[in-house]
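User: I am new to this structure and would like to go through it in questions and answers. Please show it before we start.

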Amino acid sequence: MSKYSLLMPLVVLITLITVSCTEEEDKPDYYVNTPIAGFSWSGNEGPAPVTVQFNNSSENADKFEWNFDDGGVSNEFEPVHTFYNSSSEPKNFNVVLKATDSYSGLFQRRSRVIVIQPQN
């Protein structure tokens, strides 16, 4: 048996270890900081039409999708939106914010009901 035949398995083993250690290590197998969607607003105190300022308090997210429940949408961080209510009763709008971490693809949705008073 030659000394080369004894070295060959060792060379293969070292090569396998080296290849497995050079894999891409900057992407974790899990994500500790999942997105947390959160928001508040101001400006819906008066009769319709009212322009509402939304305040985004989301964490661990870099992409935002808003749905205002009246056909309006936005991708802004803190949008301003005008609501209308031509009925004679207060109207509820279910506003939804989807906050996404574009690196991981993880997201969370938060919805809150905003009440808009009828126009005078």
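Analyst: Helices (H or I, at least four residues) and strands (E, at least two) are DSSP runs, numbered from the N terminus. This is a predicted model, in which local features need pLDDT of at least 70, side-chain atom pairs count only at pLDDT 80 or more, and totals for chains, interfaces and linings use all residues. Residues are numbered from 1 along each chain as its sequence is written, and side-chain values use heavy atoms, with hydrogens and water left out.

User: In what order do the elements of the protein chain run from the N terminus on?

Analyst: The protein chain has one helix and seven strands. From the N terminus on, the order is α-β-β-β-β-β-β-β.

User: Is Thr100 buried or exposed?

Analyst: Thr100 lies in strand 6, which covers residues 91–100. Buried means under 20% relative accessible area, exposed over 50%, and partly exposed in between, with a 1.4 Å probe and protein chains only. The relative accessible area of Thr100 is 8%, so Thr100 is buried.

User: Which residues is Thr100 in contact with, leaving aside its neighbours within four places in sequence?

Analyst: Contact means heavy atoms within 4.5 Å. With those neighbours left aside, the residues in contact with Thr100 are Pro35, Ala61, Asp62, Lys63, Gly105, Leu106 and Phe107.

User: Which residue forms a salt bridge with Lys63?

Analyst: A salt bridge is a side-chain nitrogen of Lys or Arg within 4 Å of a carboxyl oxygen of Asp or Glu. The structure holds one salt bridge. The closest N and O atoms are 3.9 Å apart, and the partner of Lys63 is Glu65.

User: How far from Lys98 is the nearest side chain of opposite charge?

Analyst: Lys98 is found in strand 6, and among its contacts beyond four places in sequence are Lys63, Phe64 and Glu65. For charge, Lys and Arg count as positive and Asp and Glu as negative, while His and the chain ends are not counted. Lys98 is buried yet has no salt bridge. The nearest side chain of opposite charge is that of Glu65, at 4.2 Å.

User: Which residue is joined to Pro49 by a cis peptide bond?

Analyst: Pro49 has its place in the loop between strand 1 (39–42) and strand 2 (50–56). Pro49 is also among the residues that Phe83 touches. Omega of the cis bond is about 0°, and the residue joined to Pro49 is Ala48.

User: What is phi of Asn60?

Analyst: Asn60 is found in the loop between strand 2 and strand 3 (63–67). Asn60 is partly exposed, with a relative accessible area of 36%. Its phi is positive in a residue other than glycine, with a value near 60°.

User: What is phi of Asp69?

Analyst: Asp69 is found in the loop between strand 3 and strand 4 (73–74). Its relative accessible area is 40%, so Asp69 is partly exposed. Asp69 is a residue other than glycine with a positive phi, near 65°.
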